[in-house]
Amino acid sequence: MGGLVAALVVGVKDHISNEQWQIFRDTGTAHLMAISGLHVGLVASFAFFVVRFLWSRLPSQWLRIPAPWVGAVGALSTSLLYALLAGFSIPTQRSVVMVALFMLGFLTRRRISIWRSYFLALALVLMWDPLSTLTVGFWLSFGAVGIILYGMKGRIQPQGIWWKWGRTQWVTFIGLIPVTLASFHQMSIVSPFANSIAIPWVSFLVVPLSLMGAVIALINHSLGSLLLNAAERLLAVLWPFLEFLGHYSQSTWVNAEFTPLALVTSSIGILLLLAPEGFPGRFMGVIWMFPLIFCKAPVVEEGTARFTLLDVGQGLASVVETKNHVLVFDTGPKLSPDFDTGDRVVLPFLATRGRNRVDTLVISHGDNDHVGGAYSILKKVPVGEILTSEPLLFQNLEFKNDPDLKDGHDKRNLKPKICRVGQKWQWDGVS
């Protein structure tokens, strides 16, 4: 878990393994490994109270400058430094602007509404980087905060932990469905359950311990290490819960064909569903969601085939589809231990086509730019047979106990076959 602690403290994610990222993606908790707006807000709040407390211990000073004013300046400075440490990403930009507006209102004794802060932050981020609208992070960051404000503010709020925390998770989950599916063509179904536990666990326990440990380690290495180890142990306690949810075979909803019509209608449906109680026709929002729920990828007709040549740079990867079958011919290169085009190009393409199985995998020869992505495909989707000129590359295949496999399919009996002149077969009326 040390790599996760490093990501939370200084934003360095190099030591997070592929298996850990997969669990985060399948549970919808990958945002926890970013130095997010929530973390910036926590740091600002902590700095405000600490600086105010320390300044109030100096009577000769706070008679001239009130302690809350100094606390506000300390909070703003600390949040800015922490955001810069995180690379000044869009979520941290938004958070720093909103902290600055809140503290400015505090210093000038003016109350700035949360919606005004939100739109001012939006305007300033766009002025700072107009091209940020081309990134998924922009839409997810501002979309999440906007939908929380829409779904939670302006209501007669009941008391209780469900309203304050559980409802927020469901509002965010439902509200971000269109953005998530439009961006990734899939989303985690277990996200509300995972986040309801993981967000408070990481944000209120792991992050404070990690940050305090990192700062104290500069002064007292032993005490700092003790706090960092405690943060690591807390992550180790949380991890089995995330693994359990992530390995559930139905944890991810893949929506192969997300159309502009589905984006528009589902957005209207979500605005209706999250409207306050008593809003006329609120539950008609379910009907507006139908195009999103029932849209399907275009079907390849009987007797026809669809050929797609994928862009994998130097190398080859192509897909042939008939009505009920899929053939993958070569899989592109493996560029590093953490990156191959089978995982990053071929599998995402199959997901957008609504295909969750490869009937035949053909590997023409053993060069890396043709076979590099094969292992990822074999590991993550069922494969009917392998045809290749290099059968020794696929001897002793066994992924039964691999943690990445959701359905645990065993490939010990998947023996590669040698390609021979004249081999042919027929699928769905296509030779």
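# Helices, strands and ring pairs

Reader: Where is the place of Ile177?
Author: Ile177 sits in helix H10, residues 177-184. The model is a predicted one.

Reader: What makes Ile177 count as buried?
Author: Its relative accessible area is 9%. Buried means under 20%. Ile177 is therefore buried.

Reader: How far apart are the C-alpha atoms of Ile177 and Met187?
Author: They are separated by 7.6 Å. Along the chain, Ile177 and Met187 are ten residues apart.

Reader: Which helix holds Leu80?
Author: Leu80 is in helix H5, residues 67-85.

Reader: Why is Leu80 called partly exposed?
Author: The relative accessible area of Leu80 is 38%. Buried is under 20% and exposed is over 50%, with partly exposed in between. So Leu80 is partly exposed. From Leu80 to Val97, C-alpha to C-alpha, the gap is 9.2 Å. In sequence these two are 17 residues apart.

Reader: Why is H11 called roughly antiparallel to H12?
Author: The axes of H11 (residues 191-217) and H12 (residues 221-246) cross at roughly 165 degrees. Angles over 145 degrees count as roughly antiparallel. So H11 is roughly antiparallel to H12. The two axes come within 7 Å.

Reader: Which residues make up the contact of H11 with H12: nonpolar, polar or charged?
Author: There are 25 nonpolar residues, four polar and no charged. The crossing of H11 past H12 is left-handed.

Reader: How many aromatic pairs does the structure hold?
Author: It holds nine.

Reader: What makes Phe24 and Trp239 an edge-to-face pair?
Author: Take the distance of the ring centres, then the angle of the planes. The centres are 5.3 Å apart. Rings pair if their centres lie within 6.5 Å. The planes stand at 80 degrees. Over 60 degrees counts as edge-to-face. The pair is therefore edge-to-face.

Reader: What does the pair of Phe24 and Trp239 tie together?
Author: Phe24 lies in helix H2 (residues 18-27) and Trp239 in helix H12, so the pair ties together parts 215 residues apart in sequence. Both Phe24 and Trp239 are buried.

Reader: Why is the pair of Trp425 and Trp427 called tilted?
Author: The ring centres of Trp425 and Trp427 are 5.8 Å apart, and the planes are at 55 degrees. Stacked needs under 30 degrees, edge-to-face over 60, and the rest is tilted. So this pair is tilted.

Reader: Are Trp425 and Trp427 buried or partly exposed?
Author: Trp425 is partly exposed, with a relative accessible area of 33%. Trp427 counts as buried, at 14%.

Reader: Which residues do ring pairs link into a cluster?
Author: The cluster has Trp115, Tyr118, Phe119, Phe138, Trp139 and Phe142. Among the buried residues of helix H8 are Phe138 and Phe142.

Reader: How do you know that the reach of H8 is close to the expected one?
Author: H8 (residues 136-152) has 17 residues. At 1.5 Å a residue, 24 Å is expected. From first C-alpha to last, H8 reaches 24 Å.

Reader: Which residues of helix H1 are buried?
Author: In H1 (residues 2-10) they are Gly3, Leu4, Val5, Ala7, Leu8 and Val9. Just after H1 comes Gly11, with a positive phi of about 75 degrees.

Reader: What is the phi of Asp330, which is not a glycine?
Author: Asp330 has a positive phi of about 65 degrees. Asp330 lies in strand S5, residues 326-331.

Reader: Why is Asp330 called buried?
Author: Its relative accessible area is 0%. The cut-off for buried is under 20%. So Asp330 is buried.

Reader: And where does Asp428 lie?
Author: Asp428 lies in the segment after strand S10 (417-418). Asp428 has a positive phi of about 50 degrees, although it is not a glycine. Asp428 is buried, with a relative accessible area of 13%.

Reader: What makes Val383 buried?
Author: Val383 has a relative accessible area of 9%. Under 20% is buried, so Val383 is buried. Val383 lies in strand S9, residues 383-388.

Reader: How far apart in space are Val383 and Leu327?
Author: C-alpha to C-alpha, they are 9.7 Å apart. In sequence, Val383 and Leu327 are 56 residues apart.

Note on methods. Residues are numbered from 1 along each chain as its sequence is written. This is a predicted model: local features need pLDDT of at least 70, side-chain atom pairs count only at pLDDT 80 or more; totals for chains, interfaces and linings use all residues. Side-chain values use heavy atoms; hydrogens and water are left out. Buried means under 20% relative accessible area, exposed over 50%, partly exposed in between (1.4 Å probe, protein chains only). Helices (H or I, at least four residues) and strands (E, at least two) are DSSP runs, numbered from the N terminus. Axes are lines fitted to C-alpha atoms, for helices over the stretch in contact, and angles run from 0 to 180 degrees between N-to-C directions. Angles under 35 degrees count as roughly parallel, over 145 as roughly antiparallel, 65 to 115 as roughly perpendicular and the rest as oblique. A crossing is left-handed if the near helix is turned anticlockwise from the far one by less than a right angle, and right-handed if clockwise. Ala, Val, Leu, Ile, Met, Phe, Trp, Tyr, Cys and Pro count as nonpolar, Asp, Glu, Lys and Arg as charged, and the others, Gly among them, as polar. Rings of Phe, Tyr and Trp (its six-membered ring) pair if their centres lie within 6.5 Å; planes under 30 degrees apart count as stacked, over 60 as edge-to-face and the rest as tilted. The expected span of a helix is 1.5 Å times one less than its number of residues.
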